[in-house]
Amino acid sequence: MMGKLLATLTITGWFLASAWAQDIHNPDIGDNPQGQMLTDAGISEDPAQKITILETFVERYPKDANIGYAYLQLQSNYLDTEKFDKAVEYSEKLLGMAPNDLEVRHNAIRAYEGAGGWEKLLPLLVETKAVADKAGDEYAQGVVQYAEYSLFSSALKIPDPKTKMAYLDALREQYPTGQYVGNPAAVDAYAVAAQQLGDMEKAIPMMQAALDASPDNPNERYLYMMAEHALGKREDAKAQQLSEKLVAVMETKPAPEGVAPAQWDEQKKLFAAYGHFVLGRLFTMKENFRQGRESLLKAVEPMEKQGGPTYGVLAYFLGICYVKLDVGGDNIPQASKWMSVAAQTENPFQGEAKKTLAAIKQAQ
């Protein structure tokens, strides 16, 4: 008995959903008060008045056969007036009624974009592609293209790095040969988010693919980040190769379109310094202190302007080089200088720098 009841409820629910889906686009407006309200809303040229009439209709006639049509009009009008929270509200009602309706889904995507509803937007984008692919008509193709664009453009707006990476992962999985998956902005966003999360293993393949696709114009940021990653893993040969390539690239790379010459000159100096920064630390770790000092000194001026933890690390390694190269106290002033900078600048070696500086002073 219970099985028959459940089956009946399922069939009835399907029938109502199908009926609602039809009414969403093709209302049967009768000669009655509710029909007159829908007519008035349809002919009104004032968006605020139109919304007021439709909201009143929804409040008075929540079980009317044309309720889905009213919801769709409200969804669309709230989008047009950029009241995205209300557009989301009606999108969720409509998705429950007509889950396979592509206009509803397209509008819902726009509503979540406007409201910044990133957690709910992502599954909606993935599901919408599947629904649209199944429909297969021209409008569906347009919805698929918009869903692809939304994955890309939304990822660039999302501040949370984990959510940003989830969007870009979905972009790569859903549209592996699409127009946005290799876009430099997408690769940049993914790399930065991965770095923030300490998960460079996921970003390296994307950066490498971008470098492979543009061998004559390599991205200096990718070269630096990959060199840092290689150094951190003690892949010394790879770190040295990437760093040397970065230095060489920055010597000859022309300014990108739209970048002022003075600004580009500063950029070139900074990223060449980053190359020397990686090389200097690599040589120091390998106890080639003279070559390490030489490379690090080439990085000082641009990185001092930049400041911050990276400059503190540079100062620490320079201090180490001067300590190790000291003969008869001739390098002590420079060792003290750089260890003092490292001790006063927040960086991963700040504590070690303070200890080393104290030891230098005690030995004098």
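In this predicted model, the largest nonpolar core comprises 112 residues. Leu121, Leu151, Tyr167, Met207, Phe277, Met303 and Leu314 have the most contacts inside this core. Helix H16 (residues 308–324) supplies the largest share, 10 residues.

Leucine 223 lies in helix H12 (residues 220–232). The relative accessible area of leucine 223 is 0%, so this residue counts as buried; the cut-off is under 20%. Beyond the neighbours within four places in sequence, leucine 223 touches Leu211, Pro218, Leu242, Lys245, Leu246 and Val249. Lysine 245 is 22 residues away from leucine 223 along the chain, yet their C-alpha atoms are separated by 7.8 Å.

Helix H2 (residues 33–43) packs against helix H3 (residues 47–60) at an angle of about 160°. Their axes are 8 Å apart. H2 is therefore roughly antiparallel to H3, as angles over 145 degrees fall in that class. The crossing of the two helices is left-handed. On the H2 side, the contact involves Gln34, Met37, Leu38, Asp40, Ala41 and Gly42. H3 contributes Lys50, Ile53, Leu54, Thr56, Phe57 and Arg60. By class, the residues of this contact are 6 nonpolar, 3 polar and 3 charged.

Terms used. Residues numbered from 1 in each chain as written. Predicted model: local features only at pLDDT ≥ 70, side-chain atom pairs only at ≥ 80, totals over all residues. Heavy atoms only, no water. Axes fitted to C-alpha atoms, helices over the stretch in contact; angles between N-to-C directions. Helix = DSSP H or I, 4+ residues; strand = E, 2+ residues; numbered from the N terminus. Parallel < 35°, antiparallel > 145°, perpendicular 65-115°, else oblique. Left-handed = near helix turned anticlockwise from the far one by under 90°. Contact = heavy atoms within 4.5 Å. Nonpolar A, V, L, I, M, F, W, Y, C, P; charged D, E, K, R; others polar. Core = buried A, V, L, I, M, F, W, Y, C linked by side-chain atoms within 4.5 Å. Buried < 20%, exposed > 50% of the residue type's maximum accessible area, 1.4 Å probe, protein only.
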